[in-house]
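Please have the sequence and the structure in view while reading.

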Amino acid sequence: MTRARSLGLVWPYLLAGALGYLLGSIAVPALAALADGSTSTPLARVGFALRETPSAPSAAWAVLDADLQVARSSLSAPQREVFDLVVAVRGLDNGGSSDWSRAEQVCRALTWPRCDKEALAQLKDLSLP
Amino acid sequence: MKRKFAAHALGPIALFAVALLVGYARASGPRARFAQAVATLTDAERAALPAAAALTVANATWALGSEEAVRKMLRTELDRLPETDGRARARALIRFGIIDSNPDGQAAVFFQACVADSSLCERAPLIAAAERETHARLVEPGRQLPLYLMAGHP
């Protein structure tokens, strides 16, 4: 069997595998998200993350970033900055790990009376909806 | 001819189907984690989720915010919360009463809290609710029960 002939037998399999994988990973989830739009909105997903402090793989947190932007844009100043503070304390844009330095920075910008780490650590629980 | 084509196409079609499933499972599993979790909640729990961001902001402001920030937040909360959500409105009003330095103002606000949530018209549950709020506040003013509740007014 020549090399060209064996390639001719293999390429339909390669093409089918690649096409199937691409459609499965991009097109199908996009269509499923469109169909599921009414039950799982960005605000609902952010609300769930705020309520539960869930553990999730990095891909899930990456998707939540876009949802956080939607939730943030629904608030006006200074609530928006307070939301940023909660996001930093709860680590919602950092894979679930608190970003204390950013939280302190946002807290100081709000000119709140206490912005020490102890107070911010307590805020993590006290802010739960 | 047809049989020959079917024999050749069957393998790629099967591989396409398997790859489609593998791609979908790999992509949607971790990505849809939050969406799947939301879908498992009851209708009532799901309905409460969109307001969670605003409620979280209110709680955070109450915990650490300056007096001015708290007053601004409470006004926003009372504008946002519907009259039908009596418990949440009463909670905001109790917070207002706690940071109000005037006993007459406190009395008026606590009366409004009683109107919003009738379970707070009795003195004991009102004090218990106010104590929960003072414990959730980490800065002054608002860490002590207000004079109106301490002094034994009805």
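At what angle do helix α6 of chain B and helix α7 of chain B pack, and how far apart are their axes? In this predicted model, helix α6 (residues 86-99) and helix α7 (residues 103-116) of chain B pack at an angle of about 170°, and their axes are 8 Å apart. Because angles over 145 degrees count as roughly antiparallel, α6(B) is described as roughly antiparallel to α7(B). On the side of α6(B), the contact is made by Gly86(B), Arg89(B), Ala90(B), Leu93(B), Ile94(B), Phe96(B), Gly97(B) and Ile98(B), while α7(B) contributes Gln106(B), Val109(B), Phe110(B), Gln112(B), Ala113(B) and Ala116(B). Sorted by class, this contact has 9 nonpolar, 4 polar and 1 charged residues.

A second pair of helices brings the two chains together. Helix α4 (residues 79-90) of chain A packs with α4(B) at an angle of about 85°, with the axes 9 Å apart, so α4(A) is roughly perpendicular to α4(B). The residues that make this contact are Gln79(A), Val82(A), Phe83(A) and Val86(A) of α4(A), together with Ala53(B), Thr56(B), Val57(B), Ala60(B) and Thr61(B) of α4(B). By class, the contact of α4(A) with α4(B) has 6 nonpolar and 3 polar residues, and no charged residues.

| Helix pair | Angle | Axes apart |
|---|---|---|
| α6(B) and α7(B) | about 170° | 8 Å |
| α4(A) and α4(B) | about 85° | 9 Å |

The interface can also be described as a whole. In total, 43 residues of chain B are in contact with 49 residues of chain A. The size of an interface is often given as the accessible area lost when the parts come together. Here, chain B and chain A bury about 4000 Å² between them, and 77% of this area is on carbon and sulfur atoms. The count of salt bridges between chain B and chain A is 0, whereas 3 residue pairs are found in polar contact across the interface, with both residues at pLDDT 80 or more.

Which helices of chain B each supply at least two residues of the side that touches chain A? They are α1 (2-31), α2 (33-39), α3 (43-48), α4 (52-64) and α5 (67-80) of chain B, and the largest share, 14 residues, comes from α1(B). By class, the side of chain B that touches chain A has 28 nonpolar, 9 polar and 6 charged residues.

Finally, some details of the backbone deserve a look. Most residues other than glycine have a negative phi, and most peptide bonds are trans. A cis peptide bond, however, joins Ala77(A) and Pro78(A), with omega about 0°, and Pro78(A) sits in the loop between α3 (58-73) and α4 of chain A. Another cis peptide bond joins Glu140(B) and Pro141(B), where omega is about -5°; Pro141(B) lies in the loop between α8 (123-135) and α9 (147-150) of chain B. Thr111(A), although not a glycine, has a positive phi of about 55°, and Thr111(A) is found in the loop between α5 (100-109) and α6 (117-126) of chain A.

Terms used:
Residues numbered from 1 in each chain as written. Chains lettered and ligands numbered in written order. Predicted model: local features only at pLDDT ≥ 70, side-chain atom pairs only at ≥ 80, totals over all residues. Heavy atoms only, no water. Axes fitted to C-alpha atoms, helices over the stretch in contact; angles between N-to-C directions. Helix = DSSP H or I, 4+ residues; strand = E, 2+ residues; numbered from the N terminus. Parallel < 35°, antiparallel > 145°, perpendicular 65-115°, else oblique. Contact = heavy atoms within 4.5 Å. Nonpolar A, V, L, I, M, F, W, Y, C, P; charged D, E, K, R; others polar. Buried area = accessible area lost by both parts, 1.4 Å probe. Salt bridge = Lys/Arg side-chain N within 4 Å of Asp/Glu carboxyl O. Polar contact = N/O pair within 3.5 Å; in protein donor to acceptor, adjacent residues only side chain to side chain.
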